[in-house]
Amino acid sequence: MIEHPRADELVEAVAGWVESIRPQLNPRDAFLSRVAVNALNAVKRELVQGPAAEAAAVARLSGLLGMEGDLKTLNAELCARLRSGEMGVSTPGLLAALKAGIEDQIAIDQPSYVSVKVR
Amino acid sequence: MEVDIPAALNALAPKLGGTAVEKAQRLTGGASMETWAFTVVGGGEPRPLILRRRSTPMDPEASRSVTMASEAALIQAAGHAGAPVAPLVRLCEPDDGLGEGHITGFVAGETLGRKIVSDPRFDAVRPHLARQCGQVLARIHTIPAGVAPLATADASGELDRYEAIYRTSGAERPILEMALQHMRRNLPPPMPNVVLHGDFRNGNMMFDPERGVAAVLDWELAHVGDPAEDLGWLCVNSWRFGRADRPVGGFGEYQDLLEGYMEAGGVEIPLSRVLFWQALGSLKWGIMCLMMYSSYATGATNSVERPMIGRRVSETEIDLVNLLEAGL
């Protein structure tokens, strides 16, 4: 992979440029430019954090399901077992694994999101 | 069809107690609904009013929407029941040239959820808002079901409806799947249905810095169902605007909401039932986000907003995991 520049650096540069022109934009475009910058920042985080998050998810799901495969395959199998009732909330280790996975995902999608706490 | 709203409003001025309409301006609104502010002059004191009209028929939630005539009837009935509303001034007729719409009084205040939870102007009233919301919901829930033709939806029906949308999307999201299956197996016991606002959340209410809840807005998703649905929807974390520590709308506590509800004549609702509907609310919002992304993926819309909304599914998933972990 070319490292001069890396893909995340390109995305970061574009996001910075969009930020810089926002003051000149009409309200609707200024709003959309904010969404665009959010999108670019999510892409950047996915480029940087995604590979490790995906590897961790594959390792967790393989262990839970007792099978090998890529993330898409493992994810589809997990959904099928949840749908059939073979696995569910009381399956040992499942909620913890799903929580670890979704924490990695929210760190990419919306790192500032404050998730709900119950009591 | 493009409609010249300021001209049509101006022509309507005599029926609104004046001779002309000034300062007609479109407020930011939803995709299918337009909201306009305007002032009627020439009949004594200038009278600020609000027009709400349907601009396009297409909306993912459209099949759930009530007609503007039903909205008008609900607003009047809610007012009679003792809930704060912007009073109905006129249900638009075809000759008005405004399409399907209604005109209400203008109620001053703030609707932006983020301001309600964080602006110092609301610091004094904020601790009272959860109780007030409970009281207001208790009044809304006394509206007779016959005031307008309303659909009925219970928890099981809502799960069916959103599961169908989820399956159609083709997405495979283990947390949504787990939540669907778990909630289906743990439905709350039946309780008598009431008329629900259907979208009672921080963002759909006008708040006054002194008085608190000044008007309940956006009645288009009204239906008949479980009273805990309205209470739970108000507590969905996606409308707490960063204040996850204050479960009711980002401004208050469950206990105040439930006590306010009973003080104003509402039945006793266990917190567990509100949490069930809060979780169902997160699930619905997550699936709605998937649906909005789908409208981009299929080419139906090309705005940058739509695909980014797809990245909000994970917020509902982390909330659902936390609720399931807490023993939902």
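A residue is called buried when its relative accessible area is under 20%, exposed when that value is over 50%, and partly exposed in between. The structure described here is a predicted model, and this scale is applied to several of its residues below.

The value for B:Glu220 is 15%, and this residue is therefore buried. The partner of B:Glu220 is B:Arg52, and the two side chains meet in a salt bridge with an N to O distance of 3.4 Å. B:Glu220 is found in the loop between strand 9 (212-216) and strand 10 (223-225) of chain B, whereas B:Arg52 belongs to strand 3 (residues 47-54), so the pair ties together parts that are 168 residues apart in sequence. B:Arg52 has a relative accessibility of 9% and therefore also counts as buried.

The loop that holds B:Glu220 also contains B:Asp218, as this residue too is placed between strand 9 and strand 10 of chain B. The phi angle of B:Asp218 is near 55°, a positive value in a residue other than glycine. With a relative accessible area of 27%, B:Asp218 is partly exposed. A phi angle near 55° is likewise found at B:Lys23, another residue other than glycine. B:Lys23 is part of strand 1 (residues 20-27) of chain B, and its relative accessible area of 64% makes this residue exposed.

Strand 3 of chain B also includes B:Pro48, which is partly exposed at a relative accessible area of 39%. When neighbours within four places in sequence are left aside, B:Pro48 is in contact with B:Phe38, B:Thr39, B:Gly105 and B:Phe106. The C-alpha atoms of B:Pro48 and B:Ala24 are separated by 9.8 Å, and these two residues are 24 residues apart along the chain. Elsewhere in chain B, a network of salt bridges links B:Asp160, B:Glu163, B:Arg167, B:Glu177 and B:Arg184.

Over all chains, the count of salt bridges comes to 37. One of the salt bridges in chain A is formed by the side chains of A:Glu12 and A:Lys44, with an N to O distance of 2.8 Å. A:Glu12 lies in helix 1 (residues 7-21) and A:Lys44 in helix 2, so this pair ties together parts of chain A that are 32 residues apart in sequence. The relative accessible area of A:Glu12 is 42%, and this residue is therefore partly exposed.

A:Pro5 is joined to A:His4 by a cis peptide bond, with omega at about 10°.

The two chains are considered together next. The size of an interface is often given as the accessible area lost when the parts come together. Between chain A and chain B, the buried area is about 3,200 Å², and carbon and sulfur atoms give 66% of this area. The contact involves 35 residues from chain A and 37 residues from chain B. Between the two chains there are 14 residue pairs in polar contact, both residues being at pLDDT 80 or more. On the side of chain A that touches chain B, helix 2, helix 3 (71-84) and helix 4 (94-109) each supply at least two residues. Helix 4 of chain A gives the largest share of that side, namely 10 residues. Four salt bridges are counted between chain A and chain B. Among them is the salt bridge in which the side chains of A:Arg28 and B:Glu305 meet, at an N to O distance of 3.1 Å.

Definitions and conventions
Residues are numbered from 1 along each chain as its sequence is written. Chains are lettered from A and ligands numbered from 1 in the order in which they are written. This is a predicted model: local features need pLDDT of at least 70, side-chain atom pairs count only at pLDDT 80 or more; totals for chains, interfaces and linings use all residues. Side-chain values use heavy atoms; hydrogens and water are left out. Contact means heavy atoms within 4.5 Å. Buried area is the accessible area (1.4 Å probe) that two parts lose on being put together, summed over both. A polar contact is a pair of N or O atoms within 3.5 Å; within protein, one must be able to donate a hydrogen and the other to accept it, and residues adjacent in sequence count only if both atoms are side-chain atoms. Helices (H or I, at least four residues) and strands (E, at least two) are DSSP runs, numbered from the N terminus. Buried means under 20% relative accessible area, exposed over 50%, partly exposed in between (1.4 Å probe, protein chains only).
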